[in-house]
Amino acid sequence: MASFNVLGISGSLRKSATNRLLIREAARLGQATDFKEADLNLPLYNGDVEEADGIPAAVQALSDQIAAADAVVISTPEYNKGISGVLKNALDWVSRTEGGPWAGKPVAMMSATAGRAGGERAQSNLRLALAPFRPRIVAGPEVLVSASHEAFDENGQLKADSYIKFVTELMEAVRAEVELTR
């Protein structure tokens, strides 16, 4: 089996966030040979800070992780019908780095939310936010985990066969996208 280096990005900073669990499940079910979890605990974007001090080291590290990964899996909560401020801030910062790390990068989107819609609007919002960077967004299947506080077992693994099936199929599609560029 060829290497499959995946970077997981959770749009939530909480250590026990279900979006963190979901990116870990994507790596496990997708049989990632290497998995890293991005740290979005970044300063708020401020052009004055960038002008005075340059790109913060944590932002450059995130940009480098994106560039180095075969694929990126982003799981976003839905906050007020959109992506989290944390995720949007990370996208804004990375857009300021050199080299365009998102260009052509296979990206899978998923969401885990407390509500019953599972983050559909957040994923739509994320697709729009990523568009200027020209990644290769994998179309589906959509992974929308609703009532996410009940969706994982005590080991952090998805309980419902339907969620397992969709995450596995999405990660197979991501792997296929990666193989197209090798």
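On a 1 Å grid over the protein atoms alone, a pocket is an open set of points with protein on both sides within 12 Å along at least five of seven lines, and lining residues have an atom within 4 Å of a point. The structure described here is a predicted model, in which local features need pLDDT of at least 70 and side-chain atom pairs count only at pLDDT 80 or more, while totals for chains, interfaces and linings use all residues. Residues are numbered from 1 along each chain as its sequence is written, and side-chain values use heavy atoms, with hydrogens and water left out.

The largest pocket is lined by 13 residues, and Arg-14, Thr-18, Asn-19, Pro-77 and Ala-112 lie nearest its centre. Its volume is about 180 Å³, a volume being the space filled by probe spheres set on the points, with grid points joined across faces, edges and corners. Five residues of this lining are nonpolar, six are polar and two are charged (Ala, Val, Leu, Ile, Met, Phe, Trp, Tyr, Cys and Pro count as nonpolar, Asp, Glu, Lys and Arg as charged, and the others, Gly among them, as polar).

A cavity is a set of points where a 1.4 Å probe fits but cannot get out. The structure holds one cavity of 30 Å³ or more. The lining of the largest cavity consists of Ile-9, Leu-62, Leu-87, Ala-90, Leu-91, Val-94 and Trp-102, with seven nonpolar residues, no polar and no charged. Helix 4 (residues 85-94) supplies the largest share of this lining, four residues; helices (H or I, at least four residues) and strands (E, at least two) are DSSP runs, numbered from the N terminus.

In helix 4, the buried residues are Leu-87, Asn-89, Ala-90, Leu-91, Trp-93 and Val-94 (buried means under 20% relative accessible area, exposed over 50%, and partly exposed in between, with a 1.4 Å probe and protein chains only). These residues pack against strand 1 (5-10), helix 2 (47-53), helix 3 (57-68), strand 3 (71-76) and helix 5 (120-130), contact meaning heavy atoms within 4.5 Å.

Ser-75 lies in strand 3 and is buried, with a relative accessible area of 0%. Leaving aside residues up to four places away in sequence, Ser-75 touches Ile-9, Ser-10, Gly-11, Asn-19, Leu-22, Ile-23, Met-110, Ser-111 and Ala-112.

Most residues other than glycine have a negative phi, and most peptide bonds are trans. Lys-81, in the loop between strand 3 and helix 4, has a positive phi near 75° and is exposed at 54% relative accessible area. The peptide bond from Gly-140 to Pro-141 is cis, with omega near 15°.
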